[in-house]
Amino acid sequence: MYGMLLESVQHFVQLEYGEFVWRQALLTTGCKNTVFNTHQLYPDSLIPDLAAALSSITGKPCDEFMIFFGRCFVRFFSNFGYDELIKATGRYFCDFLHSVDNIHLQMRFTYRKMKSPSMQLTEVDENGAVLVYRSTRSGFSKYLRGQLLEIAKQLYGMDVSIKVLESQNDSAVGTAGQVAGQVAGQGGLKTVIVKYRLDFDNRDYVSSSGNNLSEIWNMQRRVHIKAHPSQLQLAPVNSMILLNLFPFALILNDEMKITAVGEKLIESWMLNNGNRSPTELIGAKVTDHFKLRRPSGITFTWENIKRLQTVLFEIQLLKGSSAKGTKAISEAAPSESTQAHEQTPAEDAAKLMTTIPRRGSQGIRSILLKGEMRYIKDINSLVFLCSPLIQNLEELREMGLYLNDLNPHGLSREMVFSGFSHYSRLDLMCEREEQRAEELETSLALADSWKRQGDELLYSMIPRSIAERLREGQNPHDTCQSFEEVTVLFAEIQETITGDDSIKYAMTTVNTLNAAFTAFDELIQSPMAYKVETVGKVYMAVSGAPDINPFHVQHMADLALEMLASIRELKLPGVGVKIGFHSGSIVAGIVGLKVPRYCLFGDTVNTASRMESSSETDRIQVSGYAAQKLKKLGYVLSYRGKVAVKGKGDMETFWLVGKPQKII
């Protein structure tokens, strides 16, 4: 699918549900695109995946989001002027429903790789219509429902109710999956076919259509009666005149057999079928030499074609192999006596075939014919008034055609010339647009990377919870909090090796501290512990702030033991660590504006610092208060005695030896 569909989804989901929900949906689907390019192709499954993701996030049904996406697309494409195109199709909503396939055909000139669905009205009455939808995409029937509802509401000012009558191969869970019975079609197991009943006020359309037919009939009658009498004496028009006006036309009888063929179509058939005689066309089934491309999913039958008088058909000329034993072209020439009487369409075509010279080259691409099927009551036949579907000179060459082969009337030649002059400019614009989209995606990816790096740097200075509050606009001075009880730890790296070379010694110290503090950082696990800062050779951590933690003492004891073990595992020569911690109340908050830091204040911080400074290398000193809590948890401690603490006097302290021997 083209990016325009996804652009519409992104815009309105962000508008109605917010940026956070949209990003969550992208993350759930695994989509790495943060922006979509209008003319770029994306996987068909992305829209149903987004609907499922949004359903899981919001709790709303998935089908509701598919209908919402369909409505979003109609609102979105109005920015490109496509709403005016729809309004121009006819006065009534039913006119639009008749013309959906024709609009899709015209859109292929802008979106060349578009895989559009096929839709035909099978019944029309005063209370609505029956629409048959065929598509190779599964799960988009609800998406179509949203489009129809929004088009009816926004462009035609009417309310429409839609229900599914029959469904086939539509994997989306909903009403369609509960309907018994299937719609017969050619699509096979991979074609989704859904038959809808659209209920709306269709009286104006039905009455207007009847009045128009009556008016046209009366007008024709008045013209023939009041015109010059010589007009009433005009002879019947020979079918060759019609075939000269439309050199690619076909005339089919009620058995869907070819009765007449235009000159250029015969010539193209000869180019695509080697040495086969062109007389094989006359009287042959149309399906033997042509394939119905659009409308897709219907059979090439007399009843189906007569019912679809307002639909543009697209028919492909099949390439055939050389047949053995075919008659020479000269054998197909009619006799003089045959030419003397009024010729039938078949005889006219046979005569035409004998005069067509062969060209030496054969097209490498099959010719596609586009036009309308018209029923001619006088001869009980269908005439396919068509022209080749050609977008540029390259396709003209690939089909083995020349500009002179195209219809002498109409705009076929002008369209090819116009396509030639604008094609390169359009391609250049598309390439530039794609390049800008790629650059934008790269810039957004780079911005996301920078944002992640900035967040990581910010979280290294400020706790995540505090940073989120500051992002929401909270004043930094309002982040100050008091905590009834936390455990604060200090660890200082000890070095016994010195040297005369001060620069070399400084470099060794930096490397040692980097290795030790990196090992400590790997042990910090939020929210059990938070690294406050490092000052010189001292490493400071806290448990219980900024995230309240009732197990702060045991978590800090575990961290201290792991720090001691990590220094031993590093096996740095002459390097040890002194550790001490204490539990109590503190006050914490952000200090500074240019380089903000999360700082701790209170007597507990000073006491913990004294526990570290009065400790010994490769040992962990714990205050008496913290030791009492650890004993209850089963930790192994040994009594050190009383230690003089500045400002506190003598304090009983303990050595932390190991973790609990048994679970208490």
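Predicted model: local features only at pLDDT ≥ 70, side-chain atom pairs only at ≥ 80, totals over all residues.

Mentor: Residues are numbered from 1 along each chain as its sequence is written, and side-chain values use heavy atoms, with hydrogens and water left out.

Trainee: Why is Q120 called buried?

Mentor: Buried means under 20% relative accessible area, exposed means over 50%, and partly exposed lies in between, with a 1.4 Å probe and protein chains only. Q120 has a relative accessible area of 4%, so the residue counts as buried. Q120 lies in strand β1, a strand being a DSSP run of E with at least two residues, whereas a helix is a run of H or I with at least four, both numbered from the N terminus.

Trainee: Why is E123 called partly exposed?

Mentor: E123 also belongs to strand β1, but its relative accessibility is 42%, and therefore it counts as partly exposed. The C-alpha atom of E123 is separated by 9.6 Å from that of R307, although the two residues are 184 apart along the chain.

Trainee: What makes the contact between the side chains of Q120 and S118 a polar contact?

Mentor: A polar contact is a pair of N or O atoms within 3.5 Å; within protein, one must be able to donate a hydrogen and the other to accept it, and residues adjacent in sequence count only if both atoms are side-chain atoms. The contact between the side chains of Q120 and S118 is given at 2.4 Å.

Trainee: What makes β2 and β4 a pair of strands?

Mentor: Two strands pair if DSSP finds at least two bridges between them. Strand β2 (residues 128-135) and strand β4 (residues 192-199) are joined by 8 bridges in the antiparallel sense, and G128 stands opposite D199 in β4. These strands belong to an open sheet of 4 strands, ordered β1-β2-β4-β3 with antiparallel pairing. Its edge strands are β1 (118-125) and β3 (161-168), each of which pairs on one side only.

Trainee: Why is strand β10 described as largely enclosed?

Mentor: Of the 8 residues of β10 (residues 381-388), 7 are buried, so the strand is largely enclosed by the rest of the structure. Strand β9 (residues 368-376) runs antiparallel to β10 and is joined to it by 8 bridges, with R374 and V383 as bridge partners. The two form a hairpin with 4 residues between them, and N380 in the turn has a positive phi of about 50°. Strand β5 (residues 250-252) is also antiparallel to β10, through 3 bridges.

Trainee: How do you know that R137 and D44 form a salt bridge?

Mentor: A salt bridge is a side-chain nitrogen of Lys or Arg within 4 Å of a carboxyl oxygen of Asp or Glu. The N to O distance between the side chains of R137 and D44 is 3.2 Å, and the pair is a salt bridge. R137 lies in the loop between β2 and α7 (141-156) and D44 in the loop between α2 (19-29) and α3 (46-58), so the pair ties together parts that are 93 residues apart in sequence. R137 is buried at 15%, whereas D44, at 22%, is partly exposed.

Trainee: What makes E150 and R75 a salt bridge?

Mentor: Their closest N and O atoms are 3.4 Å apart, and the pair is a salt bridge. E150 is in helix α7 and R75 in helix α4 (residues 62-77), 75 residues apart. E150 counts as buried at 2% relative accessibility, while R75 is partly exposed at 30%. Both residues belong to a network of salt bridges that also includes E16 and R71.
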